[in-house]
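Please look over the chain shown here before reading the notes on its fold, its surface, its charged pairs and its nonpolar cores.

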Amino acid sequence: LTSIKKQIPDILKGDGNKTTLILNKLNISSKTDTTGNTGLWVNPVKKEQSVVMNVIKTDERKVPDVKGMGIRDAVLLLERRGVKVKFKGYGRVVSQSINPGTLIGSGMEILLVLEPF
């Protein structure tokens, strides 16, 4: 008999807790180096028959890199920092009008461009 390989879907960057929950429901093993943190943002990477979730370190004072995220997680991450978000398209974020790492200023507005998966 040949072994059947699991089909691991494409996974967006985003909320680590929600990603883990979904992977568990799909019976896909995952590993996150959380070092005791919760509410983490992760960048999932497929490794053979499992997923390794690399923690995205963010600084509350700076614009995060939201490329590769869905709009829900990108908006949540940006608006929690006081950045107003506009977007065009659908799918995953492929570009942002303010470079990651830029210090957040009062009344800052960012445009996100999304494209289908």
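The briefing below begins with the overall fold and then turns to particular residues.

This is a predicted model, in which local features need pLDDT of at least 70 and side-chain atom pairs count only at pLDDT 80 or more, while totals for chains, interfaces and linings use all residues. Residues are numbered from 1 along each chain as its sequence is written, and side-chain values use heavy atoms, with hydrogens and water left out.

**Overall fold and surface**

- The chain contains two helices and seven strands, where helices (H or I, at least four residues) and strands (E, at least two) are DSSP runs numbered from the N terminus.
- Along the sequence these elements come in the pattern β-α-β-β-β-α-β-β-β.
- Of the 117 residues in the chain, 30% are buried, a class that means under 20% relative accessible area, with exposed meaning over 50% and partly exposed lying in between (1.4 Å probe, protein chains only).
- When contacts (heavy atoms within 4.5 Å) between residues at least 6 apart in sequence are considered, 53% join residues at least 24 apart.

**The three-stranded sheet**

- An open sheet of three strands runs in the order β5-β7-β6 with mixed pairing, two strands being paired if DSSP finds at least two bridges between them.
- Strands β5 (84-88) and β6 (92-96) stand at the edges with a single partner strand each, so one side of each is left without a neighbour in the sheet.
- The twist from one strand to the next averages 40°, with axes being lines fitted to C-alpha atoms, for helices over the stretch in contact, and angles running from 0 to 180 degrees between N-to-C directions.
- Strands β5 and β7 (residues 109-115) run parallel and are joined by five bridges, and Lys86 stands opposite Leu111 in β7.
- Helix α2 (residues 71-79) packs on the sheet and touches β5, β6 and β7, its direction making about 165° with that of β7.

**Salt bridges**

- The structure holds five salt bridges, each defined as a side-chain nitrogen of Lys or Arg within 4 Å of a carboxyl oxygen of Asp or Glu.
- One of them links Glu109 and Lys86 (3.8 Å, N to O); Glu109 lies in strand β7 and Lys86 in strand β5, so the pair ties together parts that are 23 residues apart in sequence.
- Glu109 is partly exposed at 39% relative accessibility, and Lys86 is partly exposed at 42%.
- Asp59 pairs with Arg61, with the closest N and O atoms 2.8 Å apart; Asp59 is partly exposed at a relative accessible area of 26%, whereas Arg61 counts as exposed at 56%.
- Lys67 pairs with Asp65, with the closest N and O atoms 3.3 Å apart; Lys67 is partly exposed at 31%, and Asp65 is partly exposed at 31%.

**Nonpolar cores**

- A nonpolar core is a set of buried Ala, Val, Leu, Ile, Met, Phe, Trp, Tyr and Cys residues joined through side-chain atoms within 4.5 Å, and in the largest one, which has 15 residues, Val66, Leu78, Ile110 and Leu112 touch the most other members.
- The elements giving two or more residues to this core are α2 and β7.
- Not counting residues up to four places away in sequence, Leu78 touches Val63, Pro64, Val66, Val83, Val85, Ile110 and Leu112.
- A second, separate core of seven residues includes Ile8, Ile28, Leu40 and Val42.
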